[in-house]
Amino acid sequence: MPGPASAAPCFPKDTRALVKIALDHDVPLRIVEAVLAVNDNRKRAMAPRSSNAAGGSLRGKTRRVLGPHLQPDTDDMREAPSIRW
């Protein structure tokens, strides 16, 4: 499963849709729900780790988030973790 810097917009969107469809039909997908929760928690854990690596504060510092991209020559930023946080 993609990690915290994944730039693939389809994975989170499609897995959330799969969970919704399953729940609409009373079929819980606990494993998929857990994967979504774990990936979200991993993204949230990146900010404190980055801050600690920068000496305790990111204030006034320029930051960049690098990660794998789904396809070459694409500028699709849907679901990009760097935008949300």
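## The model and its confidence

Residues are numbered from 1 along each chain as its sequence is written, and side-chain values use heavy atoms, with hydrogens and water left out. Because this is a predicted model, local features need pLDDT of at least 70 and side-chain atom pairs count only at pLDDT 80 or more, while totals for chains, interfaces and linings use all residues.

The protein chain has a mean pLDDT (the predictor's confidence in each residue, from 0 to 100) of 77, with 65% of its residues reaching 70 or more. Confidence is highest in helix α1, at 89, and lowest in helix α3 (residues 81–84), at a mean of 62. Helices here are DSSP runs of H or I with at least four residues, numbered from the N terminus.

## How α1 and α2 pack

Helix α1 spans residues 10–24 and helix α2 residues 30–53; the two pack at an angle of about 145°, with axes 10 Å apart. Axes are lines fitted to C-alpha atoms over the stretch in contact, and angles run from 0 to 180 degrees between N-to-C directions.

On the α1 side, F11, P12, T15, R16, L18, V19 and L23 meet V32, E33, V35, L36 and N39 of α2, where contact means heavy atoms within 4.5 Å. Those residues divide into eight nonpolar, two polar and two charged. Nonpolar covers Ala, Val, Leu, Ile, Met, Phe, Trp, Tyr, Cys and Pro; charged covers Asp, Glu, Lys and Arg; the others, Gly among them, are polar.

## A loop residue to look at

Between α1 and α2, the loop holds D26. Its phi is positive, about 55°, although D26 is not a glycine. Most residues other than glycine have a negative phi. D26 is exposed, at a relative accessible area of 68%; buried means under 20%, exposed over 50% and partly exposed in between, using a 1.4 Å probe and protein chains only.

## Salt bridges

The whole structure has three salt bridges, each a side-chain nitrogen of Lys or Arg within 4 Å of a carboxyl oxygen of Asp or Glu. D14 pairs with K13 at 2.8 Å, N to O. D14 is partly exposed at 40%, and K13 is partly exposed at 36%.

D24 and K20 form another, with their closest N and O atoms 2.8 Å apart. These two residues are four apart in helix α1, so about one helical turn separates them, and both are exposed. In helix α2, D40 and R44 are also four residues apart, about one turn, and their side chains meet at 3.1 Å, N to O. R44 is partly exposed, at 46% relative accessibility.
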